[in-house]
There are 2 protein chains.
Amino acid sequence: MTTKEVADKLVKLCSESKFREAMESLYSPDIVSMEAGAPPGGSREAKGLAAVAAKGEWWNANHEIHSGKVEGPLVAGSHFSVVFKFDVTFKPQGRRFTMEEVAVYKVADGKIVYEEFSYNM
Amino acid sequence: MTTKEVADKLVKLCSESKFREAMESLYSPDIVSMEAGAPPGGSREAKGLAAVAAKGEWWNANHEIHSGKVEGPLVAGSHFSVVFKFDVTFKPQGRRFTMEEVAVYKVADGKIVYEEFSYNM
């Protein structure tokens with residue numbers, strides 16, 4: 001798949017809340033995922049599909065999604081960018097907020113090999 | 001200015017090749033600019049308006065722009081993303097190529113305080 005095909009498929013699947021399917025079909029086993037900041041005692045970076053899937057599972061278990069949308073993609077060479085906006089409740093605190101972030105992805109050999117999220121801490 | 005207003009103005013000025021004006025009107029004196037990779041013997045990071053302006057001047061002096069376009073912005077909270085596509089000749093080598101990159105910007109107090117470019121090395 002081209003960068004644009006990967007980008008369009010990611011947007012489509014995430015728009016349908018099929019995050020797990022997006023990961024399984026589009027991510028390289030060697031994916032590197034970078035957050036804007038590190039969690040307490042943790043790292044900004046997760047390496048490998050298992051670590052990235054675990055991060056996604058933690059997020060899903062701890063947030064209730066009321067609504068969400070994905071904007072983009074903007075495609076440039078082997079990179080693309082999308083924006084995520086979610087109205088969520090962080091379950092452990094019962095705190096509802098809007099999560100907005102810019103995501104940048106790098107594609108190699110038809111798979112996403114790098115993702116980085118930018119948002120306010 | 002809101003993030004969206006800064007983003008729209010950056011896209012407008014860059015679409016008109018007014019890069020210098022964009023920098024002078026939209027960038028914080030404390031801007032941090034991050035390239036995808038470091039030049040030989042250099043750093044990925046430029047700090048402060050003077051260093052970032054010098055990087056821009058080097059680029060302008062060494063590239064002839066045949067055409068260019070800016071796509072976006074995608075706006076999320078205090079961040080936004082655009083894509084640049086330039087058909088340029090790198091003058092020292094007479095080499096013509098298409099430069100495509102994703103740029104992510106962070107806005108604080110109405111000014112761009114951080115920019116990061118993603119492209120293949």
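## Val113(B) and its surroundings

Setting aside neighbours within four places in sequence, Val113(B) is in contact (heavy atoms within 4.5 Å) with Ser28(B), Asp30(B), Ile31(B), Val32(B), Lys106(B) and Ala108(B). Val113(B) sits in strand 6 of chain B; helices (H or I, at least four residues) and strands (E, at least two) are DSSP runs, numbered from the N terminus. With a relative accessible area of 22%, Val113(B) is partly exposed. On this scale, buried means under 20% relative accessible area, exposed over 50%, and partly exposed in between, using a 1.4 Å probe and protein chains only. Gly48(B) is 65 residues from Val113(B) in sequence, and their C-alpha atoms are 9.3 Å apart in space.

## How to read the model

This is a predicted model, in which local features need pLDDT of at least 70 and side-chain atom pairs count only at pLDDT 80 or more, while totals for chains, interfaces and linings use all residues. Residues are numbered from 1 along each chain as its sequence is written, chains are lettered from A and ligands numbered from 1 in the order in which they are written, and side-chain values use heavy atoms, with hydrogens and water left out.

## Two copies and their interface

Let's turn to the pair of chains.

Across the interface, 22 residues of chain A are in contact with 22 residues of chain B. The two chains bury about 1,500 Å² between them, 62% of it on carbon and sulfur atoms; buried area is the accessible area (1.4 Å probe) that two parts lose on being put together, summed over both. On the chain A side, Leu74(A), Ala76(A) and His79(A) lose the most area to chain B, together 32% of what that side buries. The copies meet through the same surface, because 100% of the interface residues of chain A are also interface residues in chain B.

## Nonpolar cores

A nonpolar core is a set of buried Ala, Val, Leu, Ile, Met, Phe, Trp, Tyr and Cys residues joined through side-chain atoms within 4.5 Å. The largest has 29 residues, and Leu10(A), Tyr27(A), Phe80(A), Val82(A), Phe84(A), Tyr105(A) and Ile112(A) have the most contacts inside it. Several elements of chain A each supply at least two residues of this core, including helix 3 (49-62), strand 4 (79-90) and strand 5 (95-108). Helix 1 of chain A gives the largest share, six residues. Apart from this core lies another, of 28 residues, among them Val11(B), Ala53(B), Phe84(B) and Met99(B).

## Helix 1 of chain B

Helix 1 of chain B covers residues 3-15, so 13 residues, and reaches 18 Å from its first C-alpha to its last, close to the 18 Å expected at 1.5 Å a residue; the expected span is 1.5 Å times one less than the number of residues. Its buried residues are Thr3(B), Val6(B), Ala7(B), Leu10(B), Val11(B), Leu13(B) and Cys14(B). These pack against elements of chain B including helix 2 (19-26), strand 1 (27-34) and strand 3 (63-76).

Glu35(B), in the loop between strand 1 and strand 2 (45-47) of chain B, is buried at a relative accessible area of 18%. Its side chain makes polar contacts with the side chains of Lys55(B) (2.8 Å) and Tyr119(B) (2.6 Å).

In chain A, Ser33(A) lies in strand 1 and counts as buried at 0% relative accessibility. The side chains of Ser33(A) and Lys55(A) are joined by a polar contact of 2.7 Å.

## Backbone details

The peptide bond between Gly72(A) and Pro73(A) is cis, with omega about 10°, and the bond from Gly72(B) to Pro73(B) is cis too, with omega near 10°. Pro73(A) is in strand 3 of chain A.

Methods:
A polar contact is a pair of N or O atoms within 3.5 Å; within protein, one must be able to donate a hydrogen and the other to accept it, and residues adjacent in sequence count only if both atoms are side-chain atoms.
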